[in-house]
Each structure stands twice: as structure tokens, then as C-alpha cells.
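Work through the exercises below with the coordinates open. Try each task before reading its solution.

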Amino acid sequence: MPSKKSTILVTGANGQLGQEIIRINDEDVTLVGLDRKQLDVTDLSMCRKAVETYRPSAIIHAGAYTAVDKAEGEPDEAYKVNALGTRNLAIAAREGSAKLCYVSTDYVFDGAGDRPYNEYDNTNPQSVYGKSKRAGEALLQSLSDKWFIVRTSWVYGKYGNNFVKTMLKLAQERDELTVVHDQIGSPTYTRDLGLFLFGLVKTEAYGIYHASNAGTCSWYEFATAIFEESGKQMKINPCTTDEFPRPAPRPQYSVMDHAAIRQNGFQDLPPWRESLRAFLQEL
Ligand SMILES: NC(=O)c1ccc[n+]([C@@H]2O[C@H](COP(=O)([O-])OP(=O)(O)OC[C@H]3O[C@@H](n4cnc5c(N)ncnc54)[C@H](OP(=O)(O)O)[C@@H]3O)[C@@H](O)[C@H]2O)c1
């Protein structure tokens, strides 16, 4: 008898990560992507209805309030989506016995350290966005018994706006740029992250994960690599965070150790430069 296909539901299906995940091909899985109109996670009844309708074995919760600077001025909205929305989904997932995978962020850390954060390090978010994402983590942990939290960083990909696309656009408009050199992190290609999440939710290896492309760089080094790999000429001047103030504080050192990936026997995400190259070739 043919085995019954399982269903994986994806929230925020119109976002840069969501759009990537819903394009994954796996003949054993039915992927259902729901955008904000189809499933607004701030509405508990919509969460329940989605779970009742599709009966997913797992939900990848990629929908979020992601406007980091804007969140400083509208904390209620950020918490409503990232904290309460995640709570609603956790309630609905529990009622439907579905696993729930919440995509979180390196912004849950203060970035004041000088060694990679592992999954069990204390969090200390500094921005409204980071605090609201951490609140979502805590609600999920207390409400669900089948949860994954996957913290990622510096996400870019084919869909939506991101740093790589901004750099490529600027290359058409000017020949000199200033980019921050004192924030260190790890870029993450949506394709690599999507595939990792997709594989993860098929397992029962619940818990917290850090998933970014392997290796680290500053934004300045990332920008330099983008122009080198795409063969574009650009003079880039390094600057400090203080010279480029933003409403929301950024973690200065947000490198994450991928201990849970190693300990659970998963494959680490490829080195960031390799993935950047693959992305640019495809673009
Ligand atoms: N981008 C990064 O650098 C980064 C870094 C670390 C972690 N993350 C996390 O990674 C995940 C994916 O991020 P992303 O880059 O794909 O963000 P994104 O492109 O901004 O996508 C987020 C999606 O969530 C949707 N959304 C907003 N409010 C919602 C609601 N109430 N109900 C359902 N969906 C809602 C948005 O819908 P609309 O299109 O209608 O606005 C958008 O399509 C998020 O959890 C984010 O916190 C991102």
C-alpha cells in the first residue's frame, strides 16, 4: 500500500524564507504555504482553522514581524505578531498534534561576547524585535511539547529584499560605498536554511538550533565578497557602527555555534562564501 503523504504547513509563505521553502520538491510531502492573508497568526481562530483544514504533521513558522528599526516605534505590533502570533500557532499545533518549528534570530543575544553563542547561552535581546522574537521562543517552549527553535542570521535569497540584492543594486548606481566593519556574524542563504528546516521537521530531534552558513565575516567583508563574486567594481570604505546609527541596536558579535546541528548528527550548512557564490550564479 502506498504510504500516505505527510503535510508540512509554512506560515509567512510570501516572505523571503517562506517563498524558498514552499518550492522544495519532495514526493513524500505536501507543502502548503499560507501567506499573511490566508493565515494571520495574530488570529487564533485562523491558526486553528489552518491546522484543522490541512492536518499538518509539522508547521514551519517563517512568518514574522521583521522590520527591526520600525519595531522600536511600534512595539505592540512586533510583540503581537512575534510573541502572541507564535503562541496562537503553538496552541493550534498542540491541538492538532503537529510539530512546530519557529524561526528565530541571533538578535536574541546582546552581541557583547567574543566567542560564538551556543544554543544554551543566556539570551539578552537589546532591541524590541529581538525581545519580541525571544518572547515567541518562550511561549512556544511553554505551550508545545513538539517544538524546534531555529535561530538564524543575516538571511538573503532570491525572494524579497536583502543585503546582497541591495549591494548589487547599488553597484549600478555608484562606484563607492561605506559599510560597517565592526559587526561580525554569519550570512545565511535561504536555500540552505530552507532545506535544513525541511529535514529537521521530519525528525523528533526537538530543541533549540543555531543555523547559519558556516564561517563568519563583517558586513564590510560580506559586501566585498558580493562584489568580488559578482565581478563588479566597487570601492568599499569600512566604517564603525557609531558612524552609521540606526534606531534599533544591532548585536556587535552575533556569531552562533552550531552545537545542536553537530550533536544531533545533522549536516552543517555550507560555508557562507560558497553559498553566496551559488546564489549569485543562480541569480
Ligand atoms: N531576514 C533576516 O536577516 C533574518 C535574520 C534572522 C532571523 N530571521 C527570521 O527568519 C524568519 C523569516 O524571515 P524573512 O527574512 O523571510 O522575513 P520576511 O521576508 O519579512 O517575511 C516575513 C513574512 O511574514 C509575514 N507576516 C507578517 N506578519 C504576519 C502575520 N501576522 N501572520 C502571518 N504572517 C505574517 C510577512 O507578510 P507580508 O509580506 O504581508 O508583510 C512576510 O511575508 C523570521 O522569523 C525572521 O524573524 C530573519
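**Exercise 1. Find the residues that touch the most other members of the largest nonpolar core, and the elements that build this core.**

Step 1. A nonpolar core is a set of buried Ala, Val, Leu, Ile, Met, Phe, Trp, Tyr and Cys residues joined through side-chain atoms within 4.5 Å. Buried means under 20% relative accessible area, exposed over 50%, partly exposed in between (1.4 Å probe, protein chains only).

Step 2. Note the basis. This is a predicted model: local features need pLDDT of at least 70, side-chain atom pairs count only at pLDDT 80 or more, and totals for chains, interfaces and linings use all residues. Residues are numbered from 1 along each chain as its sequence is written, and side-chain values use heavy atoms, with hydrogens and water left out.

Step 3. The largest core holds 29 residues, and Leu39, Ile59, Leu89, Leu100 and Leu140 touch the most other members.

Step 4. Assign elements. Two or more residues each come from strand 2 (29–34), helix 2 (44–54), helix 3 (75–95), strand 4 (99–105), helix 4 (128–143) and strand 5 (147–152). Helices (H or I, at least four residues) and strands (E, at least two) are DSSP runs, numbered from the N terminus. Helix 3 gives the largest share, six residues.

**Exercise 2. Give the strand order of the six-stranded open sheet and its edges.**

Step 1. The order is 2-1-3-4-5-10, with parallel pairing. Two strands pair if DSSP finds at least two bridges between them.

Step 2. Strand 2 and strand 10 (207–210) are the edges, each pairing on one side only.

Step 3. Check one pair. Strand 1 (residues 6–11) and strand 3 (residues 58–61) run parallel, joined by four bridges. Ile8 has Ala58 as its bridge partner in strand 3.

**Exercise 3. Describe the chain as a whole.**

Step 1. Count nine helices and twelve strands.

Step 2. The radius of gyration (over C-alpha atoms) is 19 Å, close to the 19 Å from the globule rule for 283 residues, so the chain is as compact as a globular protein of that length. The rule is 2.2 Å times the number of residues to the power 0.38.

Step 3. Buried residues make up 51% of the 283.
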